[in-house]
Amino acid sequence: EEEADLYLMAINLLTEFMQGPCSRNQEALSQSGYIGTAMKILRADFRNLCREAGKDPYPALVRRIKDGLMTGMVAMLELRPDNSVHRHMEHRLELRTLKQRLIFCHRYGMALVSGAGFGDLMSFSTPDPLETPAAESSLGKLTDDELSDYFGEAFAIINVLTSIADISPRFKEECNPKERSAGGFFLNEDDASVAQKELLWESKYASAYEF
């Protein structure tokens, strides 16, 4: 936990270097390895911290670290005089990872307010016990502080996605939720199953994105 606290302090310090904004620091950090490292950390599950938090899959310290990383990327794009940092970020972001994080944050929030338990948040079933009108309604009743705490990472991700989409039609097409059909010809049942899972995954991303 002490190491995680130190890491969070380092993230916040780098973010402060970019704020103001400082154009030179934004440019330098956009090419420094910050973005690639952030993608790896966003994928990390922080098992020890989760275990210490009573098996909470997204404890407060982990929320602050991942929110801090994405807030740093928001600061990296702040009031840019050109699109150079946007382009650097576009080529270094892992869009699948960011979509996965949006889905996770949304489902974590629904599990929290519904009392359904966390279980495996990224294991989808039909019907989905988390996606209920009552859970969605309860999310809308969270205070501003609670929304910032539980969804800070997700809001920062949306901020980054929309900022880059504004200057890149290709990126905009890739990050927008898609209406897809699982219909078509498949050589075997495995291919059909993969297509169905991908369709379900996209629907979860659309729910998170719209929230």
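Helix 1 of this predicted model runs over residues 2-18. With 17 residues, helix 1 stretches 25 Å from its first C-alpha to its last, close to the 24 Å expected at 1.5 Å a residue.

The buried residues of helix 1 are A4, L8, I11, T15 and M18. They span an arc of only 80° around the axis, so they sit on the same side of helix 1. As for what covers the buried residues, the list includes helix 2 (23-30), helix 3 (34-43), helix 4 (47-52) and helix 5 (60-77).

Setting aside neighbours within four places in sequence, T15 is in contact with G68, T71, G72 and A75.

F17, also in helix 1, is another matter. Its relative accessible area comes to 42%, which lies between the 20% and 50% cut-offs, so F17 is classed as partly exposed. Again leaving out neighbours within four places in sequence, F17 is in contact with C22 and N25. A75 turns up here too: the C-alpha atoms of F17 and A75 are separated by 9.2 Å, with the two residues 58 apart along the chain.

Conventions:
Residues are numbered from 1 along each chain as its sequence is written. This is a predicted model: local features need pLDDT of at least 70, side-chain atom pairs count only at pLDDT 80 or more; totals for chains, interfaces and linings use all residues. Side-chain values use heavy atoms; hydrogens and water are left out. Helices (H or I, at least four residues) and strands (E, at least two) are DSSP runs, numbered from the N terminus. Contact means heavy atoms within 4.5 Å. Buried means under 20% relative accessible area, exposed over 50%, partly exposed in between (1.4 Å probe, protein chains only). The expected span of a helix is 1.5 Å times one less than its number of residues. The arc is that of the directions from the helix axis to the C-beta atoms.
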